[in-house]
Amino acid sequence: MGDPSSVPTFEFLGLTFNATNIISGLVAFILVFLLVFALSRKITMKPSKGQNVLEWIIDFTNGILKGQIPGHEVSAFGLYGFTLFLFLFVSNELGLFIQIAVGGKDYVRSPTSDPIVTLTFSLATALIAQYMGVHKLGYKQHFKNYLSPFVFWLPISIFEEFTNFLTLGLRIFGVIYSGEMLLKIIGEMAFSHGIATIIVSAPIAMAWQGFSLFLGAIQAYVFLTLSSVYIAKKLEIE
Amino acid sequence: MLAHLTIVPGVGLALGDMLFFAICFIILMWAIKLVAWKPVTKMMQDRADKIANDIDSAEQSRAEAAKLAEQRQEALANSHKEATSIVSDAKKQGQEQRASLVAAAQSDVQVLKSNAQKDIEQERQDALANAKNDVADLSIEIASKIIQKELKADDQKALIDSYIEGLGKHNES
């Protein structure tokens, strides 16, 4: 039942690390890797069970990217999109299954319920978008896009970049964080007044877990879709 | 430095986490690329190529089969035509042979008939010639007998009669 203000932190090389994030992040990374590793064991021309699932996920993420990014630039983002989607999906759902709190402090939960994690990925997307813009159009054309439709648009363009970065990260954080918060509140309610509240809360908790499961999947999808939209926007001359 | 910045009250902006997640994500991407992404996408590409190839080759073999069927049809029609021509040739030949055989037989018969006629004629001629010779011999004989015996008219008459009688018998025979 840890509340978010009580996370274990430590300092290392002058940087603050959040132990909860690191532990749950590691769990999510390992889960993603094990999932992909298990699914890709026997790769044959005629796909078997695991390979079918893996190819379906690859087709799914590639489809999202292809819907936004024009031409053959898509292939450069295939791996990024695939890994990002899987990691976000697993992270979003992780907190629904495992929440470990020791001494009032969370140790394992959804990594994406911390803004610093989601902002890391939105920052990565923003950086990739900038890099690809420069790579495809060259510095001159890339920065000229900030001045369109006219020169005085520049502050708004810069502001838009910043808001894109923030909203992309905070959207997924908000959904997952609030989902976990509500689950915790329902849990507290269940144990507040004995048997009666447990009976009332159990179906609510189940319903909310199911909904969160759905939201987690949707948020992973939305994150990848918006990432590809932002990247695609940098690839064309406005 | 930035550790005191907060987005959610009470949660420090732990920049170390950012670094940790960035590095871990890159490692994960690399691991997935090594373990799954490369072989799977390669296999998917291979499969796409194979399917395209299969479609092409199927199209090709279909065209080939159609060509073969056409050839067979043509050969069948040809063989029909050939068979009828062989039969009609044989018929014609048979008719010709028959006609020629009949003609040959007819000519043979003609030759045989004419030969027989010729033979008969020849025989008659021979017989006539023999008769003439006989008559001449007899005449000579008679003449010599007449000369030798100084025959009388009666004797001569009787002789000639008897001769002519003999001649007649001779001719009849």
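Me: What makes a stretch of residues count as a helix here?
Reply: Helices are DSSP runs (H or I) of at least four residues. Keep in mind that this is a predicted model.

Me: With that in hand, how do you know what residues 18–37 of chain B are, helix or strand?
Reply: The span is 100% helix and 0% strand, and α1 of chain B runs over 15–149. The end C-alpha atoms of residues 18–37 of chain B lie 25 Å apart.

Me: How is chain A built, from the N terminus on?
Reply: Its elements run β-β-α-α-α-β-β-α-α-α, that is, six helices and four strands.

Me: Why is the set of 52 residues called a nonpolar core?
Reply: The name needs buried residues of the listed types, Phe among them, joined through side-chain atoms within 4.5 Å. The largest such set has 52 residues, and F82(A), F87(A) and F121(A) have the most contacts inside it. Therefore these three phenylalanines count as buried, under 20% relative accessible area.

Me: Which helices supply at least two residues of this core?
Reply: In chain A, they are α1, α2, α3, α4, α5 and α6, together with α1 of chain B.

Me: What does F121(A) touch?
Reply: Leaving out residues up to four places away in sequence, F121(A) touches Y80(A), L84(A), F87(A), L88(A) and F223(A), plus F21(B) and F25(B).

Methods. Residues numbered from 1 in each chain as written. Chains lettered and ligands numbered in written order. Predicted model: local features only at pLDDT ≥ 70, side-chain atom pairs only at ≥ 80, totals over all residues. Heavy atoms only, no water. Buried < 20%, exposed > 50% of the residue type's maximum accessible area, 1.4 Å probe, protein only. Contact = heavy atoms within 4.5 Å.
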